[in-house]
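Hi everyone, thanks for coming. Let me walk you through a structure that may be new to you.

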Amino acid sequence: ATILPDLNTAGAGITQSLGTLSISGNTGNGGFGAELTVSQGSIVTSGTPAVSFANMVLTSPSTNGAITTLNPTAGTLNTVLTIGNVSSLATSGNTDILQPFGTSTGNAITGAITDGTAGGKLAIEQFGGSSNWTYSGVSNYSGGTTLDNGKMIVTGGMLSTGNFLVRGGTLNGNQTAGNTLGNVTLNVSNAPNANITPGTTAVPL
(Lines give C-alpha, C1' and ligand atoms only; values in the text may rest on other atoms or scores of the structure.)
Protein backbone atom coordinates (compact mmCIF):
# COMPACT_ATOMS: atom_id res chain seq x y z
CA ALA A 1 0.00 0.00 0.00
CA THR A 2 1.13 3.56 -0.70
CA ILE A 3 0.11 6.79 1.02
CA LEU A 4 0.82 10.12 -0.73
CA PRO A 5 0.25 12.98 1.74
CA ASP A 6 -1.03 15.67 -0.61
CA LEU A 7 -2.86 19.00 -0.68
CA ASN A 8 -5.88 20.53 -2.40
CA THR A 9 -3.70 23.24 -3.88
CA ALA A 10 0.05 23.39 -4.42
CA GLY A 11 2.07 24.40 -1.38
CA ALA A 12 4.05 23.27 1.66
CA GLY A 13 3.59 19.77 3.02
CA ILE A 14 1.62 19.19 6.21
CA THR A 15 1.22 16.34 8.69
CA GLN A 16 -1.78 14.11 7.98
CA SER A 17 -2.86 12.74 11.39
CA LEU A 18 -4.76 9.43 11.35
CA GLY A 19 -6.06 6.93 13.91
CA THR A 20 -5.22 3.23 14.14
CA LEU A 21 -3.51 1.39 11.30
CA SER A 22 -4.28 -2.35 11.20
CA ILE A 23 -2.02 -4.16 8.76
CA SER A 24 -1.31 -7.80 7.98
CA GLY A 25 2.05 -9.14 6.85
CA ASN A 26 0.35 -12.27 5.60
CA THR A 27 3.36 -14.09 4.13
CA GLY A 28 5.15 -16.01 6.86
CA ASN A 29 8.38 -17.93 7.32
CA GLY A 30 10.58 -14.98 6.42
CA GLY A 31 8.78 -14.14 3.17
CA PHE A 32 7.76 -10.69 2.02
CA GLY A 33 4.50 -9.54 3.55
CA ALA A 34 2.78 -6.17 3.73
CA GLU A 35 4.62 -2.96 2.88
CA LEU A 36 3.46 0.58 3.67
CA THR A 37 5.18 3.19 1.48
CA VAL A 38 4.83 6.89 2.26
CA SER A 39 5.94 9.39 -0.42
CA GLN A 40 5.24 13.07 -1.09
CA GLY A 41 2.08 14.04 -2.93
CA SER A 42 2.20 15.33 -6.48
CA ILE A 43 1.48 18.99 -5.67
CA VAL A 44 3.51 19.31 -2.45
CA THR A 45 6.24 21.77 -3.38
CA SER A 46 8.06 22.50 -0.10
CA GLY A 47 8.23 21.73 3.59
CA THR A 48 7.94 18.26 5.13
CA PRO A 49 4.99 16.09 4.05
CA ALA A 50 4.21 13.61 6.82
CA VAL A 51 1.79 10.92 7.94
CA SER A 52 1.16 10.15 11.61
CA PHE A 53 -0.76 7.16 12.99
CA ALA A 54 -1.85 7.12 16.64
CA ASN A 55 -1.54 3.32 16.84
CA MET A 56 -0.44 0.38 14.70
CA VAL A 57 -1.66 -3.20 15.09
CA LEU A 58 0.03 -6.10 13.27
CA THR A 59 -2.82 -8.45 12.44
CA SER A 60 -1.27 -11.78 11.44
CA PRO A 61 -2.36 -13.94 14.39
CA SER A 62 -1.44 -17.41 13.14
CA THR A 63 1.37 -16.82 10.62
CA ASN A 64 4.83 -17.23 12.11
CA GLY A 65 7.38 -14.82 10.68
CA ALA A 66 4.84 -12.48 9.07
CA ILE A 67 6.69 -9.33 7.98
CA THR A 68 5.32 -5.78 7.83
CA THR A 69 7.65 -3.18 6.27
CA LEU A 70 7.44 0.58 6.81
CA ASN A 71 8.93 2.43 3.84
CA PRO A 72 8.94 6.25 4.09
CA THR A 73 10.84 7.58 1.08
CA ALA A 74 12.79 10.74 0.38
CA GLY A 75 12.16 12.11 -3.10
CA THR A 76 12.41 15.80 -3.91
CA LEU A 77 11.31 16.36 -0.30
CA ASN A 78 11.89 14.32 2.86
CA THR A 79 8.66 12.46 3.70
CA VAL A 80 8.19 11.45 7.34
CA LEU A 81 6.24 8.60 8.95
CA THR A 82 5.37 8.63 12.67
CA ILE A 83 3.71 5.77 14.55
CA GLY A 84 2.42 5.89 18.13
CA ASN A 85 1.91 2.59 19.97
CA VAL A 86 2.69 -0.68 18.17
CA SER A 87 1.22 -4.06 19.15
CA SER A 88 0.63 -7.49 17.64
CA LEU A 89 -2.20 -10.00 17.43
CA ALA A 90 0.21 -12.95 17.04
CA THR A 91 -0.95 -16.02 18.92
CA SER A 92 1.14 -18.37 21.04
CA GLY A 93 4.10 -19.83 19.14
CA ASN A 94 3.99 -17.12 16.43
CA THR A 95 5.98 -13.91 15.89
CA ASP A 96 5.02 -10.78 13.95
CA ILE A 97 8.02 -8.89 12.51
CA LEU A 98 7.99 -5.12 12.03
CA GLN A 99 10.65 -3.81 9.63
CA PRO A 100 11.22 -0.04 9.76
CA PHE A 101 12.87 0.71 6.41
CA GLY A 102 13.00 3.57 3.90
CA THR A 103 15.25 6.42 2.77
CA SER A 104 13.96 9.45 4.72
CA THR A 105 15.03 10.97 8.04
CA GLY A 106 12.96 12.04 11.04
CA ASN A 107 10.76 8.92 11.23
CA ALA A 108 9.66 7.79 14.67
CA ILE A 109 7.83 5.27 16.80
CA THR A 110 6.79 7.43 19.73
CA GLY A 111 4.74 5.03 21.83
CA ALA A 112 5.20 1.63 23.43
CA ILE A 113 6.05 -1.46 21.36
CA THR A 114 4.42 -4.52 22.95
CA ASP A 115 3.63 -8.14 22.14
CA GLY A 116 -0.09 -7.60 22.53
CA THR A 117 -2.48 -9.81 24.46
CA ALA A 118 -2.88 -12.90 22.22
CA GLY A 119 0.18 -14.78 23.55
CA GLY A 120 2.57 -14.35 20.61
CA LYS A 121 5.67 -12.22 20.07
CA LEU A 122 6.61 -9.04 18.25
CA ALA A 123 10.10 -8.44 16.79
CA ILE A 124 11.75 -5.30 15.40
CA GLU A 125 14.12 -5.59 12.43
CA GLN A 126 15.39 -2.29 11.09
CA PHE A 127 16.46 -3.82 7.85
CA GLY A 128 18.03 -2.21 4.78
CA GLY A 129 17.50 1.33 3.58
CA SER A 130 19.21 4.47 4.84
CA SER A 131 16.41 5.89 6.98
CA ASN A 132 16.64 7.30 10.50
CA TRP A 133 14.14 6.03 13.08
CA THR A 134 13.72 7.37 16.62
CA TYR A 135 12.16 5.12 19.29
CA SER A 136 10.96 7.29 22.17
CA GLY A 137 8.40 5.10 23.93
CA VAL A 138 9.03 2.75 26.84
CA SER A 139 8.65 -0.66 25.17
CA ASN A 140 8.59 -4.25 26.36
CA TYR A 141 8.36 -7.01 23.75
CA SER A 142 9.82 -10.50 23.46
CA GLY A 143 10.73 -11.13 19.80
CA GLY A 144 14.09 -9.35 19.83
CA THR A 145 15.60 -6.41 17.98
CA THR A 146 17.91 -6.37 14.95
CA LEU A 147 19.60 -3.36 13.35
CA ASP A 148 20.98 -4.04 9.86
CA ASN A 149 21.15 -0.57 8.30
CA GLY A 150 20.18 3.05 8.75
CA LYS A 151 20.21 4.81 12.12
CA MET A 152 18.30 3.65 15.22
CA ILE A 153 17.97 6.44 17.79
CA VAL A 154 16.63 5.23 21.13
CA THR A 155 15.44 7.84 23.62
CA GLY A 156 12.95 5.64 25.48
CA GLY A 157 13.50 2.04 26.58
CA MET A 158 13.46 -1.00 24.26
CA LEU A 159 13.54 -3.85 26.73
CA SER A 160 13.16 -7.19 24.98
CA THR A 161 13.63 -10.68 26.35
CA GLY A 162 14.97 -11.58 22.88
CA ASN A 163 18.37 -10.62 21.49
CA PHE A 164 19.37 -7.07 20.57
CA LEU A 165 21.72 -7.54 17.62
CA VAL A 166 23.54 -4.76 15.73
CA ARG A 167 24.73 -6.14 12.36
CA GLY A 168 25.05 -2.81 10.55
CA GLY A 169 24.00 0.82 10.68
CA THR A 170 24.28 3.02 13.78
CA LEU A 171 22.68 2.62 17.22
CA ASN A 172 22.48 5.99 18.96
CA GLY A 173 20.52 7.84 21.61
CA ASN A 174 20.04 8.70 25.25
CA GLN A 175 18.07 6.70 27.79
CA THR A 176 15.74 8.08 30.41
CA ALA A 177 16.81 7.01 33.89
CA GLY A 178 15.43 3.56 34.71
CA ASN A 179 15.04 2.46 31.08
CA THR A 180 17.27 -0.06 29.31
CA LEU A 181 18.04 -1.77 26.02
CA GLY A 182 18.85 -5.08 27.67
CA ASN A 183 21.88 -6.96 26.32
CA VAL A 184 23.24 -5.62 23.00
CA THR A 185 25.45 -7.72 20.68
CA LEU A 186 27.63 -5.95 18.09
CA ASN A 187 28.32 -8.35 15.23
CA VAL A 188 31.33 -6.78 13.50
CA SER A 189 32.42 -10.00 11.75
CA ASN A 190 29.42 -9.91 9.41
CA ALA A 191 29.04 -6.13 9.27
CA PRO A 192 32.27 -4.23 9.97
CA ASN A 193 30.50 -0.89 9.52
CA ALA A 194 28.14 -1.40 12.45
CA ASN A 195 28.41 1.33 15.09
CA ILE A 196 27.21 2.03 18.61
CA THR A 197 27.49 5.73 19.49
CA PRO A 198 26.47 6.50 23.09
CA GLY A 199 24.64 9.72 23.75
CA THR A 200 25.95 12.68 25.71
CA THR A 201 22.92 13.82 27.70
CA ALA A 202 20.41 12.23 30.07
CA VAL A 203 21.48 8.60 30.57
CA PRO A 204 23.75 7.39 27.71
CA LEU A 205 23.16 4.01 26.05
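Predicted model: local features only at pLDDT ≥ 70, side-chain atom pairs only at ≥ 80, totals over all residues.

Residues are numbered from 1 along each chain as its sequence is written, and side-chain values use heavy atoms, leaving out hydrogens and water.

So, the sheet. It is open and has eight strands, in the order β1-β3-β5-β7-β9-β12-β15-β17, with parallel pairing. Strands here are DSSP runs of E, at least two residues, numbered from the N terminus, and two strands pair if DSSP finds at least two bridges between them. At the edges sit β1 (2-3) and β17 (184-186), each pairing on one side only.

Look at β9 (residues 121-126) and β12 (residues 145-147): they run parallel and are joined by three bridges. Across that pair, E125 stands opposite T146.

Now find D148, in the loop between β12 and β13 (151-154). Is D148 buried or exposed? Its relative accessible area is 19%, so D148 is buried; buried means under 20%, exposed over 50%, and partly exposed in between, with a 1.4 Å probe and protein chains only. The side chains of D148 and R167 make a polar contact of 2.7 Å (N or O atoms within 3.5 Å, one able to donate a hydrogen and the other to accept it; residues adjacent in sequence count only if both atoms are side-chain atoms).

Finally, T95 lies in β7 (residues 95-100). T95 is buried too, because its relative accessibility is 17%.

Notes: Helix = DSSP H or I, 4+ residues; strand = E, 2+ residues; numbered from the N terminus.
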